[in-house]
Amino acid sequence: MGKRSRQRQKNQSSGVGRDNRDNRDNGSWGAGYADIVKENQLFEDYYKELGLVPEGEFEQFMDAMREPLPATIRITGYKSHAKEILHCLKEKYFKEIQEVEIDGVKLEAPTPLSWYPDELAWQTNMSRKVIRKSPLLEKFHQFLVSETESGNISRQEAVSMIPPLLMKIESHHKILDMCAAPGSKTAQLIEMLHADMDVPFPEGFVIANDVDNKRCYLLVHQAKRLNSPCIMVINHDASIIPSLQVATDGWREALFYDRILCDVPCSGDGTMRKNIDVWKKWTTANSLHLHGLQLRIAIRGVEQLAVGGRMVYSTCSLNPIEDEAVIAALLEKSEGALELADCSADLPGLKTMPGVSSWKLMTKEGQWFNDFSEVPSSRHTQIRPTMFPHTDKDKLASFHLDRCMRVLPHHQNTGGFFLAALVKTAPMPWNKRAPKARKEPSAAPAPVPAEAAPPTEEPPVGGEDAPQGDQPAPAKEAACGPPPHKRKKMFGFKEDPFVFLSEDDPVLAPIQSFYDLSPNFPKLNVLTRSHEGKKRHLYMVSKELRNVMLNNSERMKVINTGVKVWSRNSDGEQFGCAFRLAQEGIYTLYPYIRSRLVTVSVEDIKVLLTQENPFLSKLQSKAHAQAKSLGMGSIVLRYQPNPEEPLEPQCPIELCGWRGKTSIRAFVPRNERFHYLRMLGVEVFRDKAGQGGGPREGGEEPKEGGEEPKEGGEEPKEDGEEVESKEGGEEVESKETKEDTEMASGDIVGDSEGKKRNYNELL
């Protein structure tokens, strides 16, 4: 066994990597550490000498770095329920918290982040220890956990929320997240795509990539909570992520992204407040080792960026070697094709420091270098010219590095962070000259786009995966350029296939008839996860993602995509349709459904969510009459807000249900039931033993569909319910430990540590 393998096995057995990730999530809630001395003289000497911190503030800077990081939560902004959740937080929990005293000290209520739009992000200094001392705070904590699992709230560090806000995303944008795990920023990108909830399929999409196969499933867990048909998770090394193709009018052309998030692996010295191991591990060598990788990833990103597009580069490191040095090298290589955008006024209230144009380099032994000419030849393999400021002062000034932004922890009680927004104004210089197209025997040469060729002077950037000009979609031999290299092996677990249904697939006809789907329902966007046998679940993706998948099935490794819209049940066929609606996809599917609809009131929802199999007679007259007129089977329960009743929820609600012989029930997961009940003003609280506590409608605890005994066999039973399949990453989720699930609910601490470790293993 090699040295690297032995070390990796040792780390896995000791839980080194996992502890780092846990520390990040738990650290933001004040969890305890073993006594680690928060001192690193090399760190202090380095940053004091660089002068990144304003004069007279260095002691404040170091004091802030030693303090625990406040917890921050973000209300997901794309769901129509965001305002209702915000109202519930402000009017109920935050007001009550202000009245709580712990050990004679009055608690400080959470405060909104001044720079985050619409008060959708909040910060609190409460620790887990404090939360355990008050039943009221325990209720608040349960509320946060439940809403997080439902996808309505995300626990995420404040500075981690900034990069997506600087990308200026619109619903038609094609977005690439290059180093996406654990996925909190990816979730923000998805929310921005779905800003208009009346549009079930935005024209844009998010492709979220990560190099580590296991971390991809944390990414899936985050993305699945948002139930979007416009997200795809892939598994590639970001520095050589394959170029993709899409079909347009029967021809394949290169896919260029409108927006790219390049949140690269870094040394993570901005995370010392939550990832305390950094105090003892930090040396300047970390930045020297990562600089080259960061630059390669950034180069690969701008190559795939459309002209006029925007890429945000970010790190949770304060070190100029990982920050301004990478941006400066990128700008120099671009020869004017890139420029830094000034984002200083984009987020009013956010305090940042401008980027620097002068810095020095220090080795871990404490030796300083001002210029590459001072570096001895013995160190040239570790220290590269791109790590230093440009020697041409005029050229350096033309880069406008002051447009970069650095967030210092002591300014607004956050972590440390670095950001730069790059706008592409022209094709990259190594892509300007396209290769000649190979002629087809029966067709004229195809037109070649300006940026179709792979770079000739840079490191490999995709190899055989780089698209070589326009080519007819069915004909691979029409590709132009050099012959392809050998195809790279795909590592990790082999996923089940993604199989799109044909328009005349026999599965679709009874579904179309039973639910009276509108003629514009996109049948071709429906997929399943098996070639043979019964189709257990049906998923949907947007038209644009379908295009990407069909034209790149062999060049990319897809981990997960699509939102589940139907599930097979064993009793459904006798009622006319073998597939019942899935709650995950109801907001995607509802605009196309014209039958099986029951309009319910607030009181009806309370009955349906607090009682397992209520009789039809328990519904109010309107809902009762509509349900009576329907045959047995899957239904949609629809609530429409009444502007004349301001105390009732002012957002539409769609729930999946089942009409039985004499009863009716809602098929809604447990946490979503709690969510809707809270919106309706019903107290939902579980004590530490997991049992129900506090008043409830009907005196029953809400339970997830499928837990109670069936009434006369009328309740649907899914085929193969006792064996969970691996479709869409579900098997992985079912095997997650409680610890892993908690990690997935927030921006994992040690995020940069995890990214760095995964790329080190590749190298």
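## A word to know first

A residue is called buried when its relative accessible area is under 20%, exposed when it is over 50%, and partly exposed in between. Keep in mind that what you see is a predicted model.

Take Asp 516 as a try-out. Its relative accessible area is 31%, so Asp 516 is partly exposed. You'll find Asp 516 in the loop between helix 16 and strand 22 (526-528). Its phi is near 50°, a positive value in a residue other than glycine.

## The whole protein

Now zoom out. The protein has 763 residues, and 59% of them count as buried. If you look at contacts between residues at least 6 apart in sequence, 76% join residues at least 24 apart.

## An open sheet and its helix

Which strands make up the open sheet, and in what order? There are 5 of them, running 21-22-23-25-26, with antiparallel pairing. Strand 21 (499-500) and strand 26 (579-581) sit at the edges, each pairing on one side only. As a general point, strands of a sheet pair through backbone hydrogen bonds.

Zoom in on strand 23 (residues 537-540) and strand 25 (residues 563-568): they are antiparallel partners over 4 bridges. Here Met 540 stands opposite Val 563 of strand 25. Helix 16 (residues 508-515) packs on the sheet and touches strand 23, strand 25 and strand 26. The helix direction makes about 45° with that of strand 26.

## Nonpolar cores

In soluble globular proteins, nonpolar side chains tend to be buried together. In this model, the largest nonpolar core has 149 residues, and Trp 115, Ile 207, Ile 327 and Leu 401 have the most contacts inside it. Leaving aside neighbours within four places in sequence, Trp 115 is in contact with residues including Ala 158, Met 161, Leu 347 and Gln 412.

## Two spots in the loops

Look at the peptide bond from Ala 181 to Pro 182: it is cis, with omega near 10°. Pro 182 is in the loop between strand 7 (174-177) and helix 9 (184-193).

Lys 168 is in the loop between helix 8 (162-166) and strand 7. Its phi is near 50°, a positive value in a residue other than glycine. With a relative accessible area of 42%, Lys 168 is partly exposed.

Definitions and conventions:
Residues are numbered from 1 along each chain as its sequence is written. This is a predicted model: local features need pLDDT of at least 70, side-chain atom pairs count only at pLDDT 80 or more; totals for chains, interfaces and linings use all residues. Side-chain values use heavy atoms; hydrogens and water are left out. Two strands pair if DSSP finds at least two bridges between them. Contact means heavy atoms within 4.5 Å. Axes are lines fitted to C-alpha atoms, for helices over the stretch in contact, and angles run from 0 to 180 degrees between N-to-C directions. A nonpolar core is a set of buried Ala, Val, Leu, Ile, Met, Phe, Trp, Tyr and Cys residues joined through side-chain atoms within 4.5 Å. Buried means under 20% relative accessible area, exposed over 50%, partly exposed in between (1.4 Å probe, protein chains only).
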